[in-house]
Amino acid sequence: MLGSFAVLRKQSLLGDAISHAALPGIAIAFLITGAKDSNTLLIGALISGLIGTFWIRGIVTKTHLKSDTALGLILSLFFGFGMLLLTFIQKQPNANQAGLDKYLFGQAATLVESDVWMMAIVTGICLIVMLTFWKEFKILLFDADYTKTLGFNTKTIDILITSFIVLAIVLGLQTVGVVLMSAMLLAPAAAARQWTNSLAVMVFLAAIFGAFSGVVGTAISASQNNLSTGPVIVLVAGVFVVVSFIFSPSRGLLFKQIRFIKNRRDLELHKTLAFMHQIAETHEDISHPHAIKLLNNFQGYTRSTLQKLVEKDYVQLQGNMWSLTETGFDTAANLYTKQSTEDE
Amino acid sequence: MTKQMKKIAVKVDDLTVAYNYKPVLWDIDLEIPEGVLMAIVGPNGAGKSTLIKSILGILKPIAGSVTIYGKSYEKQRQLVAYVPQKGSVDWDFPTTALDVVKMGTYGSLGWIKRPGQKEKKAALEALEKVGMLPFKGRQISQLSGGQQQRIFLARALVQNASIYFMDEPFQGVDATTEIAIINILKELRKAGKTVIVVHHDLQTVPEYFDWVTFLNVKKIATGPVKDIFNDDNLTKTYGINYKVSIQE
């Protein structure tokens with residue numbers, strides 16, 4: 001859901017950076033409290049995720065580095081630090097230490113009821129905030145400079161969006177883990193973008209795709225032994241993306257190809273018809289018959305195009321002679337005028 | 001003479017802007033009288049867009065101040081509308097032409113409030129004015145460059161401002177669109193609005209505009225086109241011997 005905003009901001013990698021940046025937060029929270037209570041750990045993740053995000057923004061605004069460089073830098077830095085802490089924790093004589101690495105790849109099976117409630121509540125809050133500031137989010141995403149001239153504090157809106165993306169990521173960590181979280185954020189949004197040209201529908205679809213991959217992924221992994229849930233969920237989301245790329249009616253690869261072929265055929269027909277029109281025009285009687293051979297000099301002409309023109313009742317065939325019908329003549333005459341108005 | 005009696009719409013004092021130590025605008029003083037249709041001309045990198053963006057508070061100047069009708073820009077925001085360069089946004093964004101124009105009403109709506117019927121009506125009227133009403137439901141990526149530019153113009157018109165800043169509205173549009181746009185700008189001037197346009201085509205300056213500012217990091221000259229649009233100023237601005245035949 002919130003992934004839609006990340007995709008549209010061309011900040012897709014941000015999700016990756018945030019989830020990796022959350023790792024040291026988890027480790028530090030564990031070191032401080034010494035307990036494995038998931039809520040405390042997530043708060044740690046949230047804090048370090050936010051720190052990572054604002055460092056990235058700082059680097060981009062204060063230095064010459066591009067945002068992808070800053071993202072990569074922060075991502076590996078925080079992840080490295082997190083790993084360091086994790087190995088340190090594992091050497092400690094604390095019985096609780098085991099299982100912290102589940103945050104790396106996630107383990108939906110470890111979720112308990114209170115975790116699920118927590119997720120539901122936070123999702124609800126996200127939804128309310130999103131609906132309240134819908135207008136502001138939308139305009140900032142589309143045209144940030146312009147938003148500023150309208151008198152909105154773009155920084156506030158930006159921080160709001162970013163914070164909620166961080167929150168969403170941190171919540172997902174327990175399920176799919178640090179490494180795969182960004183896919184969970186982006187895949188539904190990327191898939192949804194293929195199907196619609198409306199932001200509202202896109203966000204809605206992304207939410208559905210996300211939820212669906214969650215449910216289906218869990219179901220598949222539960223039905224088989226030795227299939228961990230997180231990766232399966234991500235794979236299901238990936239299937240959504242692939243299917244969307246190929247089959248979406250307006251942006252999909254398949255329909256693009258079909259449209260391309262159809263256009264080419266139409267053009268062939270039009271070309272032939274226009275050529276016939278040219279010949280027919282030189283005669284008083286438009287249905288004056290001509291030899292098919294006459295068309296041989298003309299490249300676009302084939303038997304099948306001629307057959308199609310007959311089907312459309314534009315042309316009559318008599319032996320090896322053809323003649324334009326009344327409708328055929330009119331259509332041909334309108335062909336070019338029609339095209340030029342369509343171009344407008 | 002009447003021109004001088006007019007109120008000053010925009011006043012810029014000592015404006016200096018720099019990107020990483022390199023000054024882009026150096027000590028700009030500028031007074032734009034109310035009701036003019038002004039072109040800002042200058043070579044690439046002269047700081048034309050930067051000037052507009054600094055006036056609008058999008059960029060932070062190192063020094064200097066901007067006043068709109070004698071008060072600070074922050075207080076007079078609702079009097080000012082901005083048409084950014086077409087290339088500054090992602091036209092693949094999932095939204096329709098009407099939606100983009102509606103964004104012009106967001107400023108007067110303020111936080112949280114949603115655009116309603118009144119805003120929709122205003123947006124439709126603006127679309128009509130720029131001749132884009134038939135395309136209101138069209139996804140913006142499926143509009144031509146000229147149509148996208150007109151959508152941007154409509155979005156500014158909806159704001160119903162007194163001063164319009166436009167960053168290269170004629171960039172990459174065909175002759176028909178250019179004429180349509182300039183007619184709208186002239187109408188705005190007739191209605192007493194002030195219009196400031198970053199412009200590239202020197203040939204059309206005398207035909208389109210009545211006021212001109214030459215800019216190349218520093219301000220070279222500003223004033224009525226018929227007084228100052230001459231080879232001397234063009235040479236000073238562009239650094240080479242420039243000859244433009246101006247028909248009187």
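Predicted model: local features only at pLDDT ≥ 70, side-chain atom pairs only at ≥ 80, totals over all residues.

**Between the chains**

Let's begin with the interface. On the chain A side, 30 residues are in contact with 36 residues of chain B. Together, chain A and chain B bury about 2900 Å² between them, and carbon and sulfur atoms give 60% of that area. Which three residues supply more of the area that chain A buries against chain B than any other three? They are A:Lys135, A:Phe142 and A:Tyr146, which supply 27% of it.

There's some charge pairing here too: 4 salt bridges are counted between chain A and chain B. One salt bridge joins B:Lys53 to A:Asp145, with 4.0 Å between the closest N and O atoms.

**Helix pairs**

| Helix pair | Angle | Axis distance |
|---|---|---|
| H6(B) (residues 117-129) and H7(B) (residues 145-158) | about 135° | 8 Å |
| H9(A) (residues 154-195) and H10(A) (residues 199-223) | about 130° | 8 Å |
| H11(A) (residues 229-247) and H12(A) (residues 253-281) | roughly 10° | within 3 Å |

Take the chain B pair to start. H6(B) and H7(B) pack at about 135°, which makes H6(B) oblique to H7(B). The crossing of H6(B) past H7(B) is right-handed. From H6(B), the residues involved are B:Ala122, B:Ala123, B:Ala126, B:Leu127 and B:Lys129, and they meet B:Ile151, B:Ala154, B:Leu157 and B:Val158 of H7(B). Sorted by class, the contact of H6(B) with H7(B) comes out as 8 nonpolar, no polar and 1 charged.

Over in chain A, H9(A) and H10(A) pack at about 130°, so these two helices are oblique to each other. H9(A) also passes H10(A) in a right-handed crossing. H9(A) brings A:Met184, A:Pro188, A:Ala189, A:Ala191, A:Ala192, A:Arg193 and A:Trp195 to the contact, while H10(A) brings A:Met202, A:Leu205, A:Ala206, A:Phe209 and A:Gly210. The class tally for H9(A) with H10(A) is 10 nonpolar, 1 polar and 1 charged.

That leaves H11(A) and H12(A). Are H11(A) and H12(A) roughly parallel or oblique to each other? Their axes cross at roughly 10°, and H11(A) and H12(A) are therefore roughly parallel. A:Phe245, A:Ile246 and A:Phe247 of H11(A) meet A:Leu253, A:Leu254 and A:Phe255 of H12(A). The residues in this contact of H11(A) with H12(A) split into 6 nonpolar, no polar and no charged.

Definitions and conventions:
Residues numbered from 1 in each chain as written. Chains lettered and ligands numbered in written order. Heavy atoms only, no water. Axes fitted to C-alpha atoms, helices over the stretch in contact; angles between N-to-C directions. Helix = DSSP H or I, 4+ residues; strand = E, 2+ residues; numbered from the N terminus. Parallel < 35°, antiparallel > 145°, perpendicular 65-115°, else oblique. Left-handed = near helix turned anticlockwise from the far one by under 90°. Contact = heavy atoms within 4.5 Å. Nonpolar A, V, L, I, M, F, W, Y, C, P; charged D, E, K, R; others polar. Buried area = accessible area lost by both parts, 1.4 Å probe. Salt bridge = Lys/Arg side-chain N within 4 Å of Asp/Glu carboxyl O.
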